[in-house]
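The sequence and structure come first.

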There are 2 protein chains.
Amino acid sequence: MARVLTPQSEDFPRWYQDVIAKAELAETGPVRGSQVIRPTGWAIWERMVAEVDLRIKDADAENCSFPLLIPESYLKREAEHVEGFAPELAVVTIGGGKELEEPAVIRPTSETVIGEFMAKWIQSYRDLPLLLNQWANVLRWEMRTRLFLRSAEFHWQEGHTAHATREDARDYVRRILHDVYEDFMVNILAIPVVVGRKTVRERFAGATDTYTLEGLMRDGKALQMGTSHELGQNFAKAFDIGFLGSDGKQHHAWTTSWGVSTRMVGGMIMAHGDDNGLRVPPRLAPVQAYVMVVKDGEGVSEAAQSIHKALKAAGVRVKLDTRTDVPFGRRAVDAELRGYPVRIELGPRDLKEGNVTIVRRVDGSKAAVSVDAAAKAVTDALEADQQALYDSALAYREAHTSDATTLAEALEAAQDGFVRLPWDACGEDGETQANQQGVSVRCLVRADGSVPDSGDEPGLIAYLARSY
Amino acid sequence: MARVLTPQSEDFPRWYQDVIAKAELAETGPVRGSQVIRPTGWAIWERMVAEVDLRIKDADAENCSFPLLIPESYLKREAEHVEGFAPELAVVTIGGGKELEEPAVIRPTSETVIGEFMAKWIQSYRDLPLLLNQWANVLRWEMRTRLFLRSAEFHWQEGHTAHATREDARDYVRRILHDVYEDFMVNILAIPVVVGRKTVRERFAGATDTYTLEGLMRDGKALQMGTSHELGQNFAKAFDIGFLGSDGKQHHAWTTSWGVSTRMVGGMIMAHGDDNGLRVPPRLAPVQAYVMVVKDGEGVSEAAQSIHKALKAAGVRVKLDTRTDVPFGRRAVDAELRGYPVRIELGPRDLKEGNVTIVRRVDGSKAAVSVDAAAKAVTDALEADQQALYDSALAYREAHTSDATTLAEALEAAQDGFVRLPWDACGEDGETQANQQGVSVRCLVRADGSVPDSGDEPGLIAYLARSY
C-alpha cells in the first residue's frame with residue numbers, strides 16, 4: 001500500500017496535518033485562524049455534542065443561547081478577566097453601515113453577558129442554583145493556530161451556574177468535572193485523563209479555582225481536554241448577582257463556568273490515530289461499521305444490503321459503500337484514514353463460501369465470518385475495540401509517565417510524556433523555569449490521585465509535560 | 001384566574017411580547033437587535049433542530065461548519081448579493097488589538113465563503129451533487145427588531161448545494177421545499193403553509209428563483225417560514241465553481257441555498273397561541289406531559305412517580321412537578337403559559353377515588369381518568385391534539401383567505417388574511433402599489449395550488465397579505 005501519511009515517528013505535527021487533510025476533516029478558512037470543518041470532521045463533533053449534552057442534561061443544567069456580540073464595556077468589569085482576554089478580542093466597530101457608539105466584541109467566552117442576565121433573573125435563594133449551558137461559537141484572536149487545537153473561532157459548550165454557597169458551587173463544578181467530562185472522555189473518547197487542579201499561573205482569567213482534564217497524545221505531549229472553574233464571587237460582584245438569603249439578608253452568589261470544545265476532536269485524533277489514519281472509538285464513531293461491496297455479482301449487493309439492514313436493526317451506525325467503480329484499494333485506504341472501527345468486505349469469491357471479511361481498524365486484523373454471524377461479530381468487535389483503544393491509550397500513558405524528585409530530572413523526563421514531581425520540589429519558581437524550557441505544570445493532584453481543594457495542601461504532586 | 005396576558009383581540013403585538021416574557025422564552029440582549037433565548041425557548045428550538053435535521057439527513061445533505069467571519073471582499077463578488085446585504089453587515093475592523101488589513105464581516109449568510117470552498121472541492125461531475133448544510137448563527141443589522149421574528153443575530157440552518165445541471169438543482173431545491181420544510185411545518189409544527197414562488201422583487205439577493213412557505217398568524221398576517229433558492233450559475237461564476245463534465249468539457253455548476261431559522265419559534269407562537277399562552281404542538285413539545293402533584297399525602301407522590309415512569313417508558317417527554325410549596329394556581333398558570341400539551345394533576349381527594357385529572361391545553365378540557373388508564377389517555381390525547389391544532393390552524397386560515405378579482409378588492413381583504421388574486425390582475429405595478437399600502441405578494445402559485453417553474457406561466461394566482 002502506498003504511503004498516504006507522513007509516519008508519526010518521522011514528524012508528528014506533519015502526520016497530524018496530513019491526516020486532517022487526507023481524511024477530509026477540516027481546512028484553514030480565509031480569515032486568520034478560522035477553520036472550515038468538513039462533514040467527516042463535523043460528524044465526529046456532532047457525536048461528541050450528543051454525548052456531552054446527554055450528561056449535561058443529567059446534571060440538570062438547561063441549554064439556552066446568549067448573544068454573539070458583547071458590549072466592550074462588559075469585559076472591563078472584571079479586572080483579571082479583561083486582562084486575560086483583551087489581547088485576543090475581535091471587535092465590531094461598524095454595524096448597518098454606521099460607526100457604532102460602543103464597539104461590540106465577539107464573545108471570547110460569555111461570563112460577562114451571562115452575569116448581566118443572572119443578576120436580573122436571580123432574586124432570592126429560591127432561584128438558586130441557576131444551571132445554564134450553551135453550545136456556541138466563540139472567538140479568540142490567536143497568533144499561532146492549528147486546526148481543532150488552537151483556532152480563532154471554535155465551537156464549544158460553556159456552562160454557567162450560580163449558587164447560594166461556595167460549597168454548592170464547588171460540588172457542582174466537581175460534578176461536571178467527573179460525571180460529565182471525565183465520564184465522557186474515559187467511556188466515549190477512550191482517553192484516560194489526569195484530573196487535577198491548575199496552578200495559580202494556569203488559572204482561567206477571573207477564576208478562583210480551575211480544574212482540568214489532561215490527556216496524553218502519542219507524541220508525548222499533553223492536551224488540556226476540558227476545564228471547569230469556580231469563579232468565587234468575582235463575577236457576582238462585578239455584575240451584581242445578588243440574592244436574598246433564607247436568613248433574610250442580601251448575599252452575592254457564587255458562580256462557576258466550565259467548557260469543552262472542538263479541541264477534543266484534535267485530542268481524539270492524536271490520542272488514537274496511527275500511521276494509517278484515525279482510529280475513532282466505536283462508541284463515538286459516526287460510522288461504526290462500513291459495509292463494502294468489493295465487487296458486484298452473484299448476490300453480493302443483496303448480501304451487503306441485508307447485512308446493512310441487520311446492523312441498523314441492531315442499533316449500529318452503518319454506512320454502505322457500493323461504489324464498485326472506485327478502485328477497492330482507494331476505498332479501503334479512505335476507510336482506514338477515516339478510522340471506521342469495523343469494515344465488512346463482501347466479494348463474490350468469499351460469498352460463494354458463505355463468508356464475509358471483517359477488518360478491525362484497531363489492530364488491522366482480518367477474519368472470515370459467515371454471513372449469518374456477521375452482525376453479531378460486528379457488535380462484539382465494536383464492544384471489544386472500544387476497550388482495546390482505551391487500554392492502548394492507557395498503556396501508552398503509563399509507559400510515558402515517570403516520577404522525578406528534582407526539577408532538573410523532571411524537565412528532562414518531560415521531553416517524553418508526563419512527569420510526576422512533588423509540588424514542593426517545584427513551586428512557582430520551578431514552574432517559571434519549566435515554562436522557559438517549554439514545559440508546563442499541567443495540574444496538581446493529591447498523592448492518591450484525587451483532586452485537591454487548594455494548591456496549598458501539603459504533599460501535592462505536580463504533573464509536568466510539554467503541551468499543546 | 002387573574003389576567004396574565006394582554007388578550008390577542010385587544011393588542012396582538014402586545015400579547016406576543018407578553019407571552020414571550022411571561023413564558024420566559026427570550027429577552028432582548030444588550031447589543032442592538034441581539035436576543036437571549038432562555039431555556040424554555042431554546043428547548044423548543046432544539047426540538048425544531050432535531051426534526052429538521054433528521055429530514056435534511058434523509059435528503060442526503062451532510063452537516064459541516066464554515067467560519068463566522070468572511071473577508072469583506074468575498075461579498076462583493078456577486079453584484080446583487082452585495083447590494084442586498086451591504087446595508088446589514090456587522091464589520092470587524094480590529095483583531096488581537098490591531099487594525100485588520102482587510103475587514104471581516106460577520107456572515108449574514110454563507111453563499112460566498114461556501115462558494116469559495118466548493119470551487120476547491122469540485123473537480124469533475126463525479127463530485128456532484130455536493131450537498132452541504134450547516135446549523136449556524138448569522139447576523140444582519142436590523143433597524144426594527146422583534147424577538148424571534150426579526151433579530152440581528154439569529155440561528156438557522158443554511159443548506160448549500162452544487163449540481164451538474166439546472167434540472168438537478170431545481171429538483172433538489174423542490175425536494176427540500178416539500179420533503180424537509182413543508183413536511184416539518186405541517187406534520188410537526190401543525191401549521192398549514194402556502195408553498196409558492198416569490199416574485200422577482202421578493203427574491204433572495206443573488207438567486208434566480210426563490211420558493212417560500214408562508215404561514216398565517218392569528219392576527220391575519222403572513223409569516224415567511226422558510227425559503228429555498230435556485231442560484232442559477234450566479235455564484236458558480238462569481239466563485240468559479242467549475243467541473244469537468246462527462247462530455248469532457250468544462251462547465252459551471254448550478255448552486256442552491258435554503259434555510260429555516262429561529263423565526264419559526266415566533267411562527268409557532270403566533271399560529272397556535274391563545275389568551276392563556278403558548279399551545280405547543282405535541283410532536284414538537286419539549287415537555288409533552290406535565291405531571292403535577294397538587295397536594296402531597298396519601299400516596300400522591302408515589303402515584304405521580306409511577307405515572308411519570310410509565311409515560312417515560314411510553315416514549316413521552318414528561319416533566320414531574322412536585323413543588324407543593326409553590327401555589328397550585330401559579331404552577332397551573334405557568335404550565336398553560338408554556339403550552340405543555342397535557343397536564344396530569346394528582347391530589348389526595350381524586351386519588352382516593354383512584355383518579356387523576358387530565359387537562360388538555362388545546363381546548364382546556366378536563367377529565368377524571370383512573371390511574372391505570374392515565375398513560376394511555378395521555379398518549380391518545382397527544383395524538384389527537386396534534387391533529388386538533390392543525391385543524392384549528394387550517395380552519396383559521398380558510399376563514400381568513402378570500403378571493404379577489406381586482407387589486408383594490410384585494411388590498412381591502414388583505415387587512416384580514418390571505419387574498420388570492422390573479423397575478424394578471426396585479427403584476428409588478430400592482431405589487432408596488434400594494435407595498436405602499438403595507439401589503440405584499442407573499443408568493444405565486446398555480447391554479448391547482450402547485451408551485452410554478454416560472455413567474456411567467458399563464459394563469460398564476462398571487463397570494464397577498466400583510467406580513468411580518
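Burial is judged by relative accessible area, where buried means under 20%, exposed means over 50% and partly exposed lies in between, with a 1.4 Å probe and protein chains only. The model is predicted, so that local features need pLDDT of at least 70 and side-chain atom pairs count only at pLDDT 80 or more, whereas totals for chains, interfaces and linings use all residues. Residues are numbered from 1 along each chain as its sequence is written, chains are lettered from A and ligands numbered from 1 in the order in which they are written, and side-chain values use heavy atoms, with hydrogens and water left out.

**Salt bridges**

Over all chains the structure holds 65 salt bridges, a salt bridge being a side-chain nitrogen of Lys or Arg within 4 Å of a carboxyl oxygen of Asp or Glu. One of them joins Arg38(A) to Glu24(A), with an N to O distance of 4.0 Å. Because Arg38(A) lies in the loop between β2 (35–37) and α2 (39–58) of chain A, and Glu24(A) in the loop between α1 (12–22) and β1 (26–28) of chain A, the pair ties together parts that are 14 residues apart in sequence. Helices (H or I, at least four residues) and strands (E, at least two) are DSSP runs numbered from the N terminus. Arg38(A) is buried, at a relative accessible area of 13%, while Glu24(A) is partly exposed, at 33%.

A second pair, Glu214(A) and Lys198(A), brings its closest N and O atoms to 2.8 Å. This pair links distant parts of the chain, 16 residues apart, with Glu214(A) in strand β10 (residues 209–216) of chain A and Lys198(A) in the loop between β9 (194–197) and β10 of chain A. Glu214(A) counts as buried at 0% relative accessibility, and Lys198(A) counts as buried at 3%.

In chain B, Lys57(B) and Asp53(B) both lie in helix α2 (residues 39–58), 4 residues apart, about one turn of the helix. Lys57(B) is partly exposed, with a relative accessible area of 38%, and Asp53(B) is buried, with 12%.

| Salt bridge | Closest N and O atoms |
|---|---|
| Glu214(A) and Lys198(A) | 2.8 Å |
| Lys57(B) and Asp53(B) | 2.7 Å |
| Glu24(A) and Arg338(A) | 3.0 Å |

**Relation of the chains**

Chain A can be laid on chain B with an RMSD of 0.0 Å by a turn of 180° and a shift of 0.0 Å along the axis, when the copies are superposed by least squares on the C-alpha atoms of residues with pLDDT of at least 70 in both. That is the relation of a two-fold axis. The C-alpha of chain A nearest this axis belongs to Val92(A), 2.1 Å from it.

**Domains of chain A**

Chain A is divided into domain 1 (12–272), domain 2 (289–389) and domain 3 (401–465), with bounds from an automatic or database domain assignment. The centres of domain 1 and domain 2 of chain A, taken over C-alpha atoms, are separated by 39 Å. Their contact (heavy atoms within 4.5 Å) takes 10 residues from domain 1 of chain A and 5 residues from domain 2 of chain A. Across the interface of these two domains of chain A, the rule finds 1 salt bridge.
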